[in-house]
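Hello,

Here is the structure for your files. My notes on the ligand site follow below.

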Amino acid sequence: MAIILLLSGPNLNLLGEREPQIYGSASLADCVSDASVAAEARGHLLEHLQSNHEGDLVDAIHRSRGRCAAIIVNPGAFSHYSYAIADALATFDGTKVELHLSNPSAREEWRRHSVTAAYVTGVVAGFGRAGYGLAVEAVCASLDTA
Ligand code: CA2
């Protein structure tokens with residue numbers, strides 16, 4: 001059994017309350033539940049942390065080193081400018097998936113570049129709530145081949 005850490009960045013605690021045309025109407029709890037169910041179906045355990053604070057996310061990545069097999073991270077807007085989260089991800093040796101509900105590449109110019117994406121194994125973006133299960137499947141496929 002592997003531990004998969006799911007990290008949710010700033011404002012994702014408000015998921016389902018605003019901008020459903022972009023982010024869908026599911027709550028963050030719904031998305032986390034989907035990811036947990038998918039992980040448990042594969043015999044793994046999913047842990048989740050949401051924070052609006054960059055340092056909390058950096059600390060969580062540090063704590064996961066040597067303890068978790070994989071990280072799924074939706075860094076929110078930090079994706080576009082947090083070198084601290086990028087550096088923290090670089091210190092984690094397991095599988096890493098960057099997850100976005102929307103497809104940032106199809107949105108405003110400032111969202112089109114992710115500074116964190118270069119430090120992950122792969123990216124799942126644009127599939128809304130379904131992306132949470134897809135990200136877990138991507139992690140499992142990666143763990144199976146490791
Ligand atoms: O598409 C994604 O998952 C994003 O990571 C979401 C971030 C955004 O800054 C990224 O560019 C793409 C923003 C999350 C904002 O979440 C809200 C949730 C409910 C209402 C308003 C914002």
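A residue counts as near a molecule if one of its heavy atoms lies within 4 Å of it. The model is predicted, with local features needing pLDDT of at least 70 and side-chain atom pairs pLDDT 80 or more, while totals for chains, interfaces and linings use all residues. Residues are numbered from 1 along each chain as its sequence is written, and side-chain values use heavy atoms, with hydrogens and water left out.

Around the ligand there are 15 residues, and N74, H80, H100, L101 and S102 come nearest. By class, this shell has six nonpolar, six polar and three charged residues; Ala, Val, Leu, Ile, Met, Phe, Trp, Tyr, Cys and Pro count as nonpolar, Asp, Glu, Lys and Arg as charged, and the others, Gly among them, as polar.

Polar contacts here are pairs of N or O atoms within 3.5 Å. An N or O atom in the N74 side chain is 2.8 Å from a ligand oxygen. For H100, a polar side-chain atom lies 2.9 Å from an oxygen atom of the ligand. L101 uses a polar backbone atom, 2.7 Å from a ligand oxygen. On its own the ligand has 510 Å² of accessible area, and the protein covers 95% of that (Shrake-Rupley method, 1.4 Å probe).

Regards

Methods. Polar contact = N/O pair within 3.5 Å; in protein donor to acceptor, adjacent residues only side chain to side chain.
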